[in-house]
Protein chains: 2
Amino acid sequence: MKIVIVGAGFGGLRLARKLSNKPGFEIILVDRFNYHQFQPLFYQVATAGLDASNISFPLRKVFQKSKNVRIRLAELKQVMPEENKIITDAEEITYDALVLATGADTNFFGNSQVERTAFPMKSTVEALQLRYRLLQNFEKALTVTDPLALQRLMNIVVVGGGPTGVEISGALAEMKKYVLPKDYPELDFSRMNIYLLEGGGKTLASMGEKSSKQSQKYLEQMGVKVLTNALLKNYDGDRVMLNTDDCIESSTVIWAAGIKGNIPNGIDKALIARGNRIKTDRYCRVSGYDNIYAIGDLAYMETPKFSNGHPQVAPVAMQQADLLAGNFRMIERKSNPDKHYEFEYQDKGSMATVGRNRAVVDIPRPKLHFGGFIAWMIWMSLHLMLILGVKNRFFVFSNWLYNYITYDQNLRLIFREFDKHEKSDGA
Amino acid sequence: MKIVIVGAGFGGLRLARKLSNKPGFEIILVDRFNYHQFQPLFYQVATAGLDASNISFPLRKVFQKSKNVRIRLAELKQVMPEENKIITDAEEITYDALVLATGADTNFFGNSQVERTAFPMKSTVEALQLRYRLLQNFEKALTVTDPLALQRLMNIVVVGGGPTGVEISGALAEMKKYVLPKDYPELDFSRMNIYLLEGGGKTLASMGEKSSKQSQKYLEQMGVKVLTNALLKNYDGDRVMLNTDDCIESSTVIWAAGIKGNIPNGIDKALIARGNRIKTDRYCRVSGYDNIYAIGDLAYMETPKFSNGHPQVAPVAMQQADLLAGNFRMIERKSNPDKHYEFEYQDKGSMATVGRNRAVVDIPRPKLHFGGFIAWMIWMSLHLMLILGVKNRFFVFSNWLYNYITYDQNLRLIFREFDKHEKSDGA
């Protein structure tokens, strides 16, 4: 059975690993990048606490010992369900079963001006670009003479009070406190402002009441200006207009306000559900197709317990991958379809970190809430466990230890490509 | 005394550190990058053995405790000797003394076609671009059907048999042997060829006879095809034409065949000497100017012992920085100019590494030669010592240990920017 998996995120990668070296399966794993990205730590790459390589794991390394998994570094261009094949930018690949695990990308809700000017943070490369911009702003600030231009360079606006927005705001506040004044003694960092805009009434709305309150308290203690019920109406690259008609001068807006599923071309548009996701049944099968599946952030599945779909988080993707691996093995053994597993999400809890010794953790069963240092330790341990590869784990741990002891994120490096040496890609 | 230093390589950085927190000096250090680059290990970044960050050290971190060194991330546009000022892309800076330490860049000897198509390796960013290209070649090779196109993707031509050329050829040979066949089991690596073209009669011509012979023997043992007396006549991106009228099909040419000094605009062209360097006297003072100095790869200084100028290596730059720091302090104390130090290069030796357990070391006094494992250990220890910062040293050591034990360079990551998210720089 030839299975093509598109996307090597938490879901796609796990499925490929579960089916690796299992008899009867031929797996082709397609991804735009040649590495697995550990999304939960993008914000630490952006704030120079971790190296991009620390949270990136080469796919070919994962499958070096696999006899049945092949990898293709390519972009999916088109699914052709009638012909059981996909077209990438390099070739056509046929399949017996297709698993779409292409995840989600930033949703700018149709505002193309914001899309052009704001920084998303949904890939390692985007996190690096944000890092470069943050550092370059302060370099520029040293020679700028116009006070308004200076203020714009010193202000940062984060849009979206979910985990990503909270975590990056906290990390920026720590940079402002511990690192930047030492690096740029010529600048007055009391003039630097970090704004967090949240459209709803509270930060971390998907977590419990305690976590919401605590995260906002932590942020405010750290000097982040948290604005709730605040929507970004527009942004021209210099000035953020709010729904309240207030405005904030800033040359850097970080957009963490929404995501949308990466729906491949060739999938019936009638199947698109809330959040630009693809409707599936409880076997992760895309409605209306026999042999096309969708898992993770891209999939929209309703169950009695989750009547509005599931949260777009890594554990859902990983549990769906586990389910699908089991069902594929049953299909391969030609078991009775009645016996196939139906998906039921086991919510193990959620967490977010705000800064040193400050995190929040909610666990549903038994219902528990942790804050502060204990939550922060839980957060770090769990993330270390989830990172792929002993070497990456070691380097992340070493970096964290170093940062904790020295109060210093010292990967403040701008590896920008220069136009001068830009290579054409025509090999 | 206000000293402007342009370039934070081995020479410029060392001078700034020597004058840091010394009374009477105000230092401005200007560099295009916000980090010091450890050039000797570029080739390991290109071959995925080290992270770019491992060999890059943020300049602001070096001078966090300095009260008199300011840093400017800027490109030097023009020197105006009559007005004692320089113009960068961001501002004008006046000086009492100017030290040019802008180093050298790749010399394509006027062949613009080669410049467009070959890969230089004179900056961290260039090393990263080469890494991305090497990896992408094999990804492409998986789907290419034309045998000639496949052969081009599998061949690599290194031009220049000096230390850089020898070191990158050796590292590529190890990738071919230990890493690539595991990563790309679908490709036949007996068809991969690594050519090293050397225009003269031997590799490592600047070192002793034993080192030259040994390095060539090592390379050939490792499977590198060493072609001596072989000059690249032209390269169109697909096919290398040699002086012998032979040709090699290859989509990747690495250019390590020559360097030229980065002479800033505004310096009298009559002062340009061999290798596009600036003539200085033995006080590192640029001939004809009172308060402009040049050190390191950019400088051309004749002494009785070095009647054709000095080798363009880090120790010369560092010793010149030491000399200049001493002389500046005498100038500041208004000592008699007769007492100023004259430069005399102390050659401590030279070395190059070819691969695991294979290196060559020459020491002039007492005249000694080491090869093999001992030389390799000397090479590693010395490079570890020279790397800036405890943390970088620790990470380089950890990576080396990991690579040595596992036979695996596992930073095979392509962090390319995608056009889609390319940001305009108009903050």
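1. Let's start with a loop. B:Asp245 sits between strand S15 (239-242) and strand S16 (247-249) of chain B; helices (H or I, at least four residues) and strands (E, at least two) are DSSP runs, numbered from the N terminus. B:Asp245 is no glycine, yet its phi is positive, at about 70 degrees. For reference, buried means 20 or more other C-beta atoms within 10 Å of a residue's own, exposed means 12 or fewer, and partly exposed is in between, with C-beta atoms placed from the backbone.

2. Before going on, some housekeeping. This is a predicted model, in which local features need pLDDT of at least 70 and side-chain atom pairs count only at pLDDT 80 or more, while totals for chains, interfaces and linings use all residues. Residues are numbered from 1 along each chain as its sequence is written, and chains are lettered from A and ligands numbered from 1 in the order in which they are written.

3. On confidence: the model has an ipTM of 0.89 and a pTM of 0.92. In chain A the average pLDDT (the predictor's confidence in each residue, from 0 to 100) is 94, and 97% of the residues reach at least 70. The stretch to watch is 418-427 of chain A, where pLDDT is below 50 and the model shows 11 contacts beyond near neighbours in sequence. Where pLDDT is low, the predicted coordinates should not be read in detail. A contact here means two residues whose C-beta atoms, placed from the backbone, lie within 7 Å.

4. How do the two chains relate? Chain B goes onto chain A by a rotation of 180 degrees with 0.0 Å of shift along the axis, at an RMSD of 0.0 Å. That is how a two-fold axis relates its copies. Both copies use the same surface, with 98% of the contact residues of chain B recurring in chain A. The superposition is by least squares on the C-alpha atoms of residues with pLDDT of at least 70 in both copies.

5. Next, the interface. Chain B puts in 47 residues and chain A 46. On the chain B side, the elements that each supply at least two residues include strand S5 (69-73), helix H7 (163-183) and helix H11 (390-406). H5(B) gives the largest share, 10 residues. By class, this side has 17 nonpolar, 13 polar and 17 charged residues; Ala, Val, Leu, Ile, Met, Phe, Trp, Tyr, Cys and Pro count as nonpolar, Asp, Glu, Lys and Arg as charged, and the others, Gly among them, as polar.

6. As for the fold, chain A contains 11 helices and 25 strands. Its radius of gyration is 22 Å, close to the 22 Å from the globule rule for 427 residues, so chain A is as compact as a globular protein of that length. That radius is taken over C-alpha atoms, and the rule is 2.2 Å times the number of residues to the power 0.38. Of the 427 residues in chain A, 50% are buried. Among contacts in chain A between residues at least 6 apart in sequence, 64% join residues at least 24 apart.

7. Which residues have the most contacts inside the largest nonpolar core? They are A:Ile254 and B:Ile254, in a core of 260 residues. Such a core is a set of buried Ala, Val, Leu, Ile, Met, Phe, Trp, Tyr and Cys residues joined through C-beta atoms within 7 Å. Leaving aside neighbours within four places in sequence, the contacts of B:Ile254 include B:Phe119, B:Leu130 and B:Val158.

8. B:Gly296 is worth a look. This glycine is in the loop between strand S21 (292-294) and strand S22 (299-301) of chain B, and it is buried, with 31 other C-beta atoms within 10 Å. Its C-alpha is 6.8 Å from that of B:Gln312, 16 residues away along the chain.

9. Most residues other than glycine have a negative phi, and most peptide bonds are trans. B:Cys284 also has a positive phi, about 70 degrees, without being a glycine, and B:Cys284 is buried, with 26 other C-beta atoms within 10 Å. The bond between A:Arg365 and A:Pro366 is cis, with omega about -5 degrees, and the one from B:Arg365 to B:Pro366 is cis with omega near -10 degrees. In chain B, B:Pro366 belongs to the loop between strand S24 (358-363) and strand S25 (368-371).
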